[in-house]
Amino acid sequence: MTKTIDIVANITGVVWTVDVEVGQRLDEDDPVVTLESMKMEIPVGAPCSGEIVEILVSKDDPVAEGQTVARLRP
Amino acid sequence: MTDYELRKSRALGMGGPRKLAARRNAGLLNARERMALLFDDGAFHEAGLFAASERAEDRDRTPADGKVLGFGAVDGRQVAAVSNDLTVMGASSSTVNGRKIAYAKKMASANGLPLVFLGESSGGRIPDNMGARGMGASAWDSQQYARIRETPWASAVLGPAFGSSAWYTCLSDFAVMRKGAILAVASPRVTAQAIGQDIDPEELGGSEMHARKSGLIDQVVDTDEEAIAAIRTFLSYLPSHAGEQPPRVASIAPKVDPEMLGTIVPENRARVYDMRKVLDALVDADSFFPLKQRFAQNLVTGLARLDGRTVGIIANNPMHKGGALDYDACSKAINLLVLCDSFNVPVVQLVDQPGFLVGMEGELRGMPAKIMSNIQALQMASVPKLSVVLRKTYGAAFVNMGGGANSDEFILWDRAEASFMDPGIAVNIVHGVSARDDPEQFKSLHASLSADSSPFELAGMFSAQAVITPEKTRSHLIRALELHNRAPTGGLGKRRLANWPYA
């Protein structure tokens, strides 16, 4: 089983939308969640292509910079 | 062989056939091969071929004393270079090779030559540097590290770089690093001894760390060849010395039609986009030379050409952190301003920012002072400064990004807006009402606090010189660069940032 990769928030904010489901395949930079911060909708992109294995946040959750929002298997 | 021929062949033989073969097998170029690659015809005018250690017992095993120094042409212009030879006592710093570096710097400044450091060095030489006498002998030059940016300096980190090579990399205007090289104050072994912990070299000073975290490295490459090519490209944007303007080349149309600018940037200001796509439709095709691309990605900086003229780019990137300036982004902006102001390069700022990124992390690092450093650098820079607001510019960062009198021309797109803060936040701050708790009251207060943030308000009070439509951005900037040309001084600025310590 390949190691999973943590997808971390790049800014402190609130979860605006969760853009993926568990099992979904993504390409690099595809949005995983969108955060509302600084009055903008800021996507957190996949660091590489792979399959989403776990989602750790839901809509309206506060998220800190560096916090893991989902995990992906490359 | 005559005595002369013998001495010469020993000096050119560097650390000997065994060490040179080991490097070749590892796919590494040696110090002289790197010099040959840097210069147009592979040849250079050497100074100090017969230099050697001051210690009699080391004299026969220190060809060129571990640092090869020479002068040659890069794209037809003369350049000075120092190439560290790791096969000779680890290119460690000694009295004699210190003298060689001092000579290289003096001649580069005296003759207006860019200076290149091809770096890998193990640090101070032992036993030369040991004891009080060693320390005293190592500090004989009161201006050794007083960088005054009379000519551009560029460094390549091509192996272990501790001590000398680390210092000169940080003093340089451009630093490229080969993957696998390590840049740190001291070697992992010395560091591990000092703090009694295991040290992972890549974590201590690998290219990934410097490109993302420390921001000391401007570009990362895979090979020596790519590193030296990057230095040649960097120098092509700059004048040979601060007393002249950057070279101008033939104009090339942008990669993407400037007519597309209005659609590349989404009108909805809550939506993000990649600022680098704006550059594709703005600057001469393939001319953008990014600096610190993976450090503080919320700000894009680099050199580029507009109509064949070199410009420095400072651009918010909404794709990362909404384009908000934080501590590292301010450092990155200062670096670019220092480079441009030192070498007569006009600055173009592309503005789309929601205000400073506030929070604990920035405050703990001293964010207010960094904001002031950024503003001070901008206001002291005397090269032409042109700023274009694409969509919005909020808060105190309005000034950092060239607002009002902080640019020679402050230009806004017709759809842009400027204000102290987003009215939605202001309602919360002033009245303590949020959209979620009381939507009706929020809506009415929002309307009352939405002072007109139109670009025509700024233009109306002549705090902005122009309002343009997006597709005119390139042609407007090209015309502005022709006008703001500092003709009375032959295009030269006052260079007040030339003495700025490394940001």
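This is a predicted model: local features need pLDDT of at least 70, side-chain atom pairs count only at pLDDT 80 or more; totals for chains, interfaces and linings use all residues.
Close-up 1. The centres of domain 1 of chain B and domain 2 of chain B, taken over C-alpha atoms, lie 36 Å apart. In the domain assignment, domain 1 spans 3-236, while domain 2 is made up of 258-421 + 452-489.

Close-up 2. On the domain 1 side, 22 residues are in contact with 14 residues of domain 2. Of the area that domain 1 buries against domain 2, 34% is supplied by B:Arg149, B:Arg212 and B:Asp218, more than any other three residues.

**Close-up 3. Salt bridges and polar contacts across the interface of domain 1 and domain 2 of chain B.** The rule finds 2 salt bridges across this interface. B:Glu208 and B:Arg294 meet through their side chains in a salt bridge, at 3.1 Å from N to O.

**Close-up 4. The side of domain 1 of chain B that touches domain 2 of chain B.** Helix 9 (207-214), strand 8 (219-221) and helix 10 (224-236) of chain B each supply at least two residues of this side. Helix 9 of chain B gives the largest share, 5 residues. By residue class, the side of domain 1 that touches domain 2 divides into 8 nonpolar, 8 charged and 6 polar residues.

Terms used:
Residues are numbered from 1 along each chain as its sequence is written. Chains are lettered from A and ligands numbered from 1 in the order in which they are written. Side-chain values use heavy atoms; hydrogens and water are left out. Domain bounds come from an automatic or database domain assignment. Contact means heavy atoms within 4.5 Å. Buried area is the accessible area (1.4 Å probe) that two parts lose on being put together, summed over both. A salt bridge is a side-chain nitrogen of Lys or Arg within 4 Å of a carboxyl oxygen of Asp or Glu. A polar contact is a pair of N or O atoms within 3.5 Å; within protein, one must be able to donate a hydrogen and the other to accept it, and residues adjacent in sequence count only if both atoms are side-chain atoms. Helices (H or I, at least four residues) and strands (E, at least two) are DSSP runs, numbered from the N terminus. Ala, Val, Leu, Ile, Met, Phe, Trp, Tyr, Cys and Pro count as nonpolar, Asp, Glu, Lys and Arg as charged, and the others, Gly among them, as polar.
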